[in-house]
Protein chains: 2
Amino acid sequence: MAEFTTLEHENLNSVVYGALCDALMQGRFQPGDRLKIRDLAEQFGTSVTPIRDAILRLANDEAITFRSPRDIRVAGLSENRYREIRAIRVRLEGFAAETAAQVATSADIQALEQILKENEAAIADGDRLRGTQLNQAFHFRLPQIAGLPVLTTILRRLWLQMGPHISDAYLAGGRAMIDHHYPVVEALKRHDPAAASMAIVDDILLGGKPILERIGAVVPGAERSA
Amino acid sequence: MAEFTTLEHENLNSVVYGALCDALMQGRFQPGDRLKIRDLAEQFGTSVTPIRDAILRLANDEAITFRSPRDIRVAGLSENRYREIRAIRVRLEGFAAETAAQVATSADIQALEQILKENEAAIADGDRLRGTQLNQAFHFRLPQIAGLPVLTTILRRLWLQMGPHISDAYLAGGRAMIDHHYPVVEALKRHDPAAASMAIVDDILLGGKPILERIGAVVPGAERSA
DNA sequence: ATAACATACTTGATGCATCTTTTTTGACGT
DNA sequence: ACGTCAAAAAAGATGCATCAAGTATGTTAT
């Protein structure tokens, strides 16, 4: 008997959740932005119920917080919290890169190079949104190549929390954010786990600097969720 | 101006979510168990709305899955998925132990020793439930000592997925599950990060063996969520 | 003009009715 | 006995009304 992946229920709440996740990861929200269930319901053309459901999931992801009982806002990020996220990413994405280096096929390599190529084009065009998306696509491709779905889910949550902050810093970082991706691909080609891990760690640490510089100033409410 | 942690809204949905989380982590559900919103609403004495909210959050945590659009079940765990979770725990809990070893105070050490003492008593009494709880308490105490709240949240989600499986295996593992905790405390006393990390990794890998043996047989539906 | 209070509005939480789809069940025919 | 099909019951999804609590507004008295 074959294995089936449980198929996606395309519930309204999932549609809304996905749309809000995309918006967060693309930096289309600022930390501290207020979300109103009824307003979103009107924008999405649904009742409030699916919006509440999506908001609840996002709050569970700690991507948005309830500042007070009736005040839903995009989560802030304290410097300490960002440093912790970065430290976790170093371990988790390092692990993903190691594993990917061991199992990557030539098709996997080609896919990564394609992402890099498009990313170069996006940077050349000054398309900041697309650049952000492609940078994320590169990072998410590694655990996918490695066959680590749990890790992918964890990373997605971390990016959800970083989303409102990276967009600001992406411009400042500029082309440097993609430079460190090339050594990763080279390491994967050579099936060199240690080099792949070190390369992605470099990318995380150096690419994160401009984010860290910005964060000190922002921080509206950088705490728990419901 | 002082820092306030955003206070807990004790919503009904949070109460239900907390209760279901506890039940899952204590192994009071079996993988594949079916959850019915209306039944739970009756048990909790609420309407279906807060139950739906809690279920949605649990589904977001991938602790329960929607096998089909109207069939909510406690998530299964494939062997591969469990191995991945274990590999992630090794890195994350290793990191937590390292950090904890650097910053642990004598009060922290005493708290850990108190947990171990109570855990010994629980084992002596054959109190399997309390033993499971105290084992988890030990593991969660390390990132707490280390001051890593994001990591704690990630671990909590992983334990949520393991919960329905560890209870079965805990008996089989028996006292071995706690033996490896002592070297951790010793390493923290010596402020020896490398030793602390190695000790907790040993605990994860060896303690996980009985779980792994059981898992091969179970696996009703070990996939995605909504 | 300002401060204090009352009123109206905003907004998330909760409960509930209804809808659609799925699952069960049982009768019927082979 | 077994398989098929249809009717009924079950169950989650969606929408919506209401509630309580917080916020804004406007009026009045000093």
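## The sheet of chain A

In this predicted model, strand β1 of chain A pairs with strand β3 (residues 71–74) of chain A in the antiparallel sense over 2 bridges, where two strands count as paired if DSSP finds at least two bridges between them. Strands here are DSSP runs of type E with at least two residues, helices are runs of H or I with at least four residues, and both are numbered from the N terminus. Within this pairing, Arg34(A) has Arg73(A) of β3(A) as its bridge partner.

The open sheet of chain A has 3 strands, with antiparallel pairing and the order β1-β3-β2. Its edge strands, each pairing on one side only, are β1 (34–35) and β2 (64–68) of chain A. Helix α3 (residues 48–60) of chain A packs on this sheet and touches β1, β2 and β3 of chain A, while its direction makes about 95° with that of β2(A). Touching, or contact, means heavy atoms within 4.5 Å, and angles run from 0 to 180 degrees between N-to-C directions, with axes being lines fitted to C-alpha atoms, for helices over the stretch in contact.

## Helix pairs in chain B

The axes of helix α1 (residues 12–25) and helix α3 (residues 48–60) of chain B come within 8 Å and cross at roughly 50°, which makes α1(B) oblique to α3(B). Angles under 35 degrees count as roughly parallel, over 145 as roughly antiparallel, 65 to 115 as roughly perpendicular and the rest as oblique. The residues that make this contact include Leu12(B) and Tyr17(B) of α1(B) as well as Pro50(B) and Arg57(B) of α3(B).

Helix α5 (residues 106–125) and helix α6 (residues 128–146) of chain B pack at an angle of about 165°, with their axes 9 Å apart, and α5(B) and α6(B) are therefore roughly antiparallel to each other. Among the residues in this contact are Leu112(B) of α5(B) and Phe138(B) of α6(B).

## How the two chains are related

Chain A can be laid on chain B with an RMSD of 0.0 Å by a turn of 180° and a shift of 0.0 Å along the axis, so the two copies are related as by a two-fold rotation axis. The superposition is by least squares on the C-alpha atoms of residues with pLDDT of at least 70 in both copies. Of the residues of chain A, Arg57(A) comes closest to the rotation axis, with its C-alpha at 2.8 Å.

## Notes on the model

Residues are numbered from 1 along each chain as its sequence is written, and chains are lettered from A and ligands numbered from 1 in the order in which they are written. In this predicted model, local features need pLDDT of at least 70, side-chain atom pairs count only at pLDDT 80 or more, and totals for chains, interfaces and linings use all residues, while side-chain values use heavy atoms, with hydrogens and water left out.
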